[in-house]
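Take the model from its overall layout down to single side chains. Keep the sequence open beside the coordinates.

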Amino acid sequence: MDELLLYQDIMVAGTETTTTLIEWAMAEIMQNDDIMKKVQQELEEIVGLDNIVEESHLPKLQYLDAAIKETFWLHTVVPLILPWSPSQDCIVGGYTISKGCTVFLNVWAIHRNP
């Protein structure tokens, strides 16, 4: 029973972050008429009006790809990346990070650092 709950938690966590990103992307695109028109035009030219987006279309949808990447930057779904532990002492940005210590990367702060 515990194993089932663990699998369920993993699936829900992965799905929830994807859903959140899609909602943010749609909201950001709808807030800007120029961007929405460019995305719609690109979809019309590459996919067509009466077709659905296929995996083969994705490399050609460069503007939509850029809009999604910008959404990642603006709305970081998970602000801290999973903990990381170096296998040996190292220096990063002038700071010594000892072997075996736990490191958390603040992606939200990195995205907002000019």
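The paragraphs below go from the fold to local contacts.

This is a predicted model: local features need pLDDT of at least 70, side-chain atom pairs count only at pLDDT 80 or more, and totals for chains, interfaces and linings use all residues. Residues are numbered from 1 along each chain as its sequence is written, and side-chain values use heavy atoms, with hydrogens and water left out.

Start with the fold. The protein has 4 helices and 2 strands. Both kinds of element are DSSP runs, numbered from the N terminus: helices are H or I with at least four residues, strands are E with at least two. From the N terminus, their order is α-α-α-β-β-α. Of the 114 residues, 14% count as buried. Buried means under 20% relative accessible area, exposed means over 50%, and partly exposed lies in between (1.4 Å probe, protein chains only). The protein exposes about 9400 Å², with 60% of that supplied by carbon and sulfur atoms. Such areas come from the Shrake-Rupley method with a 1.4 Å probe; for residues, only the protein chains shown count as cover. Now the contacts, meaning heavy atoms within 4.5 Å. Among those with a separation of 6 or more, 44% join residues 24 or more positions apart.

Move to helix α2, residues 33-46. For the 14 residues of α2 that gives 20 Å, and the end C-alpha atoms are 20 Å apart, so the two agree. At the start of α2, a side-chain oxygen of N32 comes within 3.0 Å of the backbone nitrogen of D34. Just after the helix, G48 adopts a positive phi of about 100°.

Follow the chain into the loop between α2 and α3, where H57 is found. H57 is buried because its relative accessible area is 13%. Beyond its neighbours within four places in sequence, H57 touches I46, V47 and I52.

Next comes α3, which spans 62-74. D65 and K69 both sit in this helix, 4 residues apart, about one turn. An α-helix has 3.6 residues a turn, so residues three or four places apart point the same way. D65 and K69 form a salt bridge, with their closest N and O atoms 3.2 Å apart. The term requires a side-chain nitrogen of Lys or Arg within 4 Å of a carboxyl oxygen of Asp or Glu. By this rule the count is 1. D65 is partly exposed, at 35% relative accessible area; K69 is exposed, at 53%. K69 also lies 9.1 Å from A25, C-alpha to C-alpha, although 44 residues separate them in sequence.

The loop between α3 and β1 holds T76. T76 is buried, with a relative accessible area of 17%. Its side chain makes a polar contact of 3.1 Å with that of H111. That term covers a pair of N or O atoms within 3.5 Å; within protein, one must be able to donate a hydrogen and the other to accept it, and residues adjacent in sequence count only if both atoms are side-chain atoms. Leaving aside neighbours within four places in sequence, T76 is in contact with V107, W108, H111 and R112.

I81 lies in the loop between α3 and β1 (90-92). At 42% relative accessibility, I81 counts as partly exposed. With L82, L105 and I110, I81 makes a nonpolar surface patch of about 420 Å². Patches are made of residues with over 30% relative accessible area and no salt bridge: like charges are joined within 9 Å, nonpolar side chains (Val, Leu, Ile, Met, Phe, Trp, Tyr) within 5 Å.

Key:
Expected span 1.5 Å × (residues − 1).
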